[in-house]
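I am opening a notebook page on a structure that is new to me.

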Amino acid sequence: ATPLKVNDPVYVSRDSQQLEGILSYSGSVQFADGDDWIGVRLTGSSLGLGKNDGSVRGKRYFTCDRNCGVFVRKSHVTRRVLTKLDELRLKRQLASGATTSSSSPTIRSSPSPYTGGRGGNSNASKRTLASKAKDLTGTNVTTASATKKRLNELRERRAALSSQPSPLSTSVESSRNSARVENSKIDLQEEGSKNIAAEALQTHFQEMQLQITGLRSSLTEVSAKLKKKEEEHSSLHNSLSRAEQDAREHKIRLEELEITIKSKEKE
């Protein structure tokens, strides 16, 4: 006997029932041992009597409607012989609603170059922004560290001047005046250092804002272009699908008409 292959019409013996369908998968499965498993997509009067939609435990083997798929051992499957009219009816049913099944587990389609482009641009932009932010943060940390060190040195000098004892009472006022002058200088230096650090941080912050604004603008433009391309791709795909559907239906109608004409000629 000719071995069964994908898309062959078959009968399935299950729980004292005989279901009809088409063979949609043949081989090993993850949910049980052995390589003699058959996946059947139910058709006709057996629609809705299955147990799955072609997937089991998250693994897809073929595609069909809910409760229209069943898996059995090869020994429970037999070939179903169709008349010409039965074959045409089956073709009409498959053309009107069902997706094509495969002889192996479902293979995921390769990602669209547009989708890939979006992910690539987004990741690259994120890495660029993160790198620039890291550089600016490092510069800010270095500037702040140097300023803090300078302030600590100035405070230590002030404390040392304030704690110096004067052995002569006549030199107390002079020492105090010198300390006041030195403290004034230290205050000015502290204020200058703070202003420099603040200006540096503000400049870096403004630079980061400009860079972020530029990156957002670029991402917006790229996203708009990708969306347009995806819409065009989707429109072409839908048009092609409709054309294929119409062609299948016309072919089936022609075959039915030929059979009807032949039947009338015999009569």
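Which residues does Leu19 touch, not counting residues up to four places away in sequence? I found that Leu19 touches Val10, Tyr11, Val12, Arg14, Leu42, Ser46 and Leu49, where contact means heavy atoms within 4.5 Å.

Before going on, I noted that this is a predicted model, in which local features need pLDDT of at least 70 and side-chain atom pairs count only at pLDDT 80 or more, while totals for chains, interfaces and linings use all residues. Residues are numbered from 1 along each chain as its sequence is written, and side-chain values use heavy atoms, with hydrogens and water left out.

**Cores.** I next looked up the largest nonpolar core, which has 10 residues in all: Val10, Val12, Leu19, Leu23, Ile38, Val40, Leu42, Val70, Val72 and Val77. Such a core is a set of buried Ala, Val, Leu, Ile, Met, Phe, Trp, Tyr and Cys residues joined through side-chain atoms within 4.5 Å, and buried means under 20% relative accessible area, with exposed over 50% and partly exposed in between (1.4 Å probe, protein chains only). At least two residues of this core come from each of strand 1 (9-14), strand 2 (17-27), strand 3 (37-42) and strand 6 (69-73), and strand 3 gives the largest share, three residues. Strands here are DSSP runs (E, at least two residues), numbered from the N terminus. I also recorded a second, separate core of nine residues, which includes Tyr25, Trp37, Cys64 and Phe71.

I then followed the strands and found five of them in an open sheet, in the order 6-3-2-1-7 with antiparallel pairing, where two strands pair if DSSP finds at least two bridges between them. Strand 6 and strand 7 (77-79) are the edge strands, each pairing on one side only. Val10 of the largest core stands opposite Gly21 in strand 2, and its bridge partner in strand 7 is Arg79. In the hairpin of strand 1 and strand 2, two residues lie between the strands, and Asp15 takes a positive phi near 55°.

**Cysteines.** How many disulfides are there? I counted zero, a disulfide being a pair of cysteine sulfur atoms within 2.5 Å. The sulfur of Cys64 has its closest cysteine sulfur in Cys68, 5.8 Å away, and therefore too far for a bond. Cys64 counts as buried because its relative accessibility is 10%, and Cys68 is buried too, with a relative accessible area of 7%.

Note on methods: Helix = DSSP H or I, 4+ residues; strand = E, 2+ residues; numbered from the N terminus.
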